[in-house]
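Please keep the sequence and the structure open beside them.

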Amino acid sequence: MTNPYDIAHRASLADPEAFWAEAARDIDWTKPADKVLDGSNAPLYRWFVGGELNTCYNAVDRHVERGRGDQAAVIYDSPITGAKSSLTYAQLQDQVARFAGVLKSQGVDKGDRVILYMPMIPEAVIAMLACARLGAVHSVVFGGFAPHELATRIDDATPKALVCASCGLEPGRIVKYKPNIDAAIEHAKHKIGSVVVFQREQEVAALIDGRDVDWATEMAKAEPQPCTPVAATDPLYILYTSGTTGQPKGVVRDNGGHAVALNWTMKTLYDIAPGEVFWAASDVGWVVGHSYICYAPLLRGATTLMFEGKPVGTPDAGTFWRVIQEHDVKALFTAPTAFRAIRREDPNGDFVKKYDLSGLRALFLAGERSDPETLKWAEEQLKVPVVDHWWQTETGWAICGNPLGLHQFPVKHGSPTKAMPGWDVQILDEEKKPVGPGQIGALVCKLPLPPGTLPTLWNAEQRFRSAYLDEYPGYYKTGDAGFIDDDGYVYVMTRTDDVINVAGHRLSTGAMEEVLAMHPDVAECAVIGVADELKGQTPLGFVCLKAGVDRPEADIVKELVKLVRDEIGPVAAFKQAVVVKRLPKTRSGKILRGTMQKIADNQDFKAPATIDDPDILPEIEEALEGIGLAKNRNK
Ligand code: COA
Ligand code: AMP
């Protein structure tokens with residue numbers, strides 16, 4: 001039976017230009033595109049070539065012009081400080097135009113980059129939109145990253161200015177941002193001339209004369225700026241994400257395709273109407289925050305909710321339900337790990353029963369595989385559709401999902417349902433040939449990708465090609481493996497590279513290995529992700545010490561944990577390492593991380609035929625037993 005999803009999906013693949021040209025009618029253009037899809041430089045594609053628009057105008061000003069000025073655009077709720085506030089579209093327009101004036105006074109212009117290092121406060125969204133207003137390119141860095149990571153991004157993006165808050169707030173601790181920023185700027189080769197600091201009352205940061213300016217002081221004297229039209233293909237933002245090495249990838253997002261695609265998803269996937277409240281409980285530092293805290297709800301004329309808290313402990317496992325009730329949230333989007341945390345504290349749903357959740361229509365989960373148990377628990381408790389959807393920083397929006405605004409498919413637990421319109425998802429084997437239903441292989445997407453997906457990596461087109469396009473010619477390599485069943489449901493099972501997923505955060509084991517290798521006592525190391533009940537995975541380090549090192553191993557492990565926290569940041573959640581004599585390797589010297597992971601997770605494994613010395617594996621088991629892992633092996 002044909003349904004609106006089938007019609008849309010078929011149309012999107014048969015004639016992508018017509019399909020997305022239709023979706024583009026919901027966006028306001030200062031100049032329409034000459035060509036909807038330009039494939040003349042395939043496999044690099046560009047959307048809406050020749051078109052001009054301003055993303056901030058589409059997200060803010062046009063709603064004010066059309067009568068939404070008094071509607072809430074951004075609701076802020078911080079259970080950590082107790083603060084609650086709301087900005088109407090008219091107020092948001094005023095703040096954004098003014099902050100664009102502040103940036104302008106700091107020398108920021110169209111095409112310049114601006115790094116934002118902000119917690120979950122409305123000023124983060126104001127700063128993002130102000131960049132978009134000027135045609136400047138923002139790059140938000142998550143507050144849980146350490147100075148070294150910030151410095152790497154400063155050197156890659158070469159920003160004119162940096163915008164930060166004086167602090168972030170984690171339960172029970174103030175995270176002082178300013179020392180991190182000062183250290184990063186000091187460390188970076190690229191020099192930043194201007195830092196705008198939003199002072200929070202919990203921590204007033206010292207400003208450096210001649211470089212730092214105060215947000216409030218500058219806002220008071222700022223000249224509001226109009227929206228600058230930019231090319232649809234001009235970059236809106238750069239968002240760095242973990243690759244397989246310590247050098248993060250700068251995912252580029254363009255203006256035109258992004259606005260078209262995100263606006264379209266609000267209706268078709270999330271089923272949100274203008275004026276309704278949408279809540280993505282993530283962080284502006286992640287892609288979910290970019291797409292679904294900042295841009296998409298605002299492009300749609302909906303209300304976005306910014307939540308500065310955690311699913312548990314701020315103050316309890318009922319905090320999500322309180323927010324939903326209080327702000328009449330229609331759809332919640334979060335990571336499965338948040339639900340695992342809530343379920344662990346409130347298995348019977350006692351907190352859920354205390355609140356009126358009748359306004360909530362759906363829960364969306366992404367960021368990591370949704371384990372069926374958590375999904376079922378959420379369904380039982382909330383009694384609304386629970387939609388697992390699969391996407392990546394690179395794609396900016398869902399590759400697969402259950403598109404509630406088009407057609408609601410029956411849920412198959414463990415599957416993010418079907419390829420969204422615009423996406424031709426296939427499974428290829430090692431010979432790069434398509435496999436049949438149910439067979440596992442590499443998840444790839446046939447080119448061209450739909451609008452809103454990455455056109456390239458910042459200043460690294462060759463890396464873009466080699467990381468995503470070269471291995472499977474004509475396809476985009478997702479880096480995930482899985483299968484598609486007889487009904488076309490996609491199952492995403494695991495990464496095919498050294499990326500791990502910790503509490504919905506994507507981290508590079510390669511980057512952690514680079515840090516461990518910096519320790520003077522470490523000769524060799526490997527980091528793997530081991531299964532974790534709450535966070536999905538947590539990193540675990542294996543280190544071999546240099547000959548002659550006879551210091552207590554416990555001291556060295558403590559230093560390694562601190563080193564990763566200092567170099568990458570607390571978000572790495574690197575808390576465990578073991579000292580081993582040797583690492584298992586293939587005869588060609590490749591470390592057998594997959595085998596070590598299977599041992600740690602108590603999975604069946606076979607020593608690969610290429611293993612150099614199988615006798616090392618019992619040593620690894622023993623070391624893992626020593627830290628409470630691999631408990632059931634050989635018992
Ligand atoms: N600034 C500074 N530090 C931060 C931070 C930030 N913005 N965000 C997290 N951290 C710190 C945490 O305080 C923690 O530090 P600790 O080691 O001193 O305890 C560390 O980074 C790890 O954080 P996290 O992985 O988030 O673990 P947690 O124990 O604080 O919370 C969950 C666990 C499951 C409650 C939490 O991860 C969560 O809510 N996840 C939702 C997932 C999500 O938002 N994903 C985004 C994609 S949708
Ligand atoms: P990020 O770029 O941080 O959003 O991480 C993207 C990666 O997270 C994907 O490549 C997957 O490995 C994983 N991921 C995200 N959403 C899902 C999902 N719904 N199911 C399975 N894996 C997911």
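This is a predicted model: local features need pLDDT of at least 70, side-chain atom pairs count only at pLDDT 80 or more; totals for chains, interfaces and linings use all residues.

1. A polar backbone atom of glycine 143 is 3.3 Å from a nitrogen atom of ligand 1, while proline 570 places a backbone N or O atom 3.4 Å from an oxygen atom of the ligand. Taken alone, ligand 1 exposes 940 Å², of which the protein buries 83%.

2. The surroundings of ligand 1 comprise 22 residues, and the closest of them are Glu170, Arg173, Lys535, Arg565 and Lys575. Sorted by class, this shell holds ten nonpolar, six polar and six charged residues. As for where the shell comes from, at least three of its residues are drawn from domain 1 (4-309 + 389-469), and at least three from domain 2 (500-625).

3. Ligand 2 is surrounded by 14 residues, with Asp388, Thr393, Asp480, Arg495 and Arg506 as the closest. The shell around ligand 2 consists of three nonpolar, five polar and six charged residues.

4. Side chains supply the polar contacts described here for ligand 2. Aspartate 388 has a polar side-chain atom 2.7 Å from a nitrogen atom of the ligand, and a polar side-chain atom of threonine 393 lies 2.6 Å from an oxygen atom of ligand 2. In the side chain of arginine 495, an N or O atom is 2.6 Å from an oxygen atom of ligand 2. On its own, ligand 2 has 500 Å² of accessible area, and the protein covers 93% of it.

5. Strand β25 (residues 475-484) and β26 run antiparallel and are joined by five bridges.

6. The sheet in question is open and has four strands in the order β23-β24-β25-β26, paired in antiparallel fashion. Its edge strands, β23 (425-428) and β26 (490-495), each pair on one side only, and from one strand to the next the twist averages 50 degrees.

How values were computed: Residues are numbered from 1 along each chain as its sequence is written. Chains are lettered from A and ligands numbered from 1 in the order in which they are written. Side-chain values use heavy atoms; hydrogens and water are left out. Two strands pair if DSSP finds at least two bridges between them. Helices (H or I, at least four residues) and strands (E, at least two) are DSSP runs, numbered from the N terminus. Axes are lines fitted to C-alpha atoms, for helices over the stretch in contact, and angles run from 0 to 180 degrees between N-to-C directions. A residue is near a molecule or strand if one of its heavy atoms lies within 4 Å of it. A polar contact is a pair of N or O atoms within 3.5 Å; within protein, one must be able to donate a hydrogen and the other to accept it, and residues adjacent in sequence count only if both atoms are side-chain atoms. Accessible areas come from the Shrake-Rupley method with a 1.4 Å probe; for residues, only the protein chains shown count as cover. Ala, Val, Leu, Ile, Met, Phe, Trp, Tyr, Cys and Pro count as nonpolar, Asp, Glu, Lys and Arg as charged, and the others, Gly among them, as polar. Domain bounds come from an automatic or database domain assignment.
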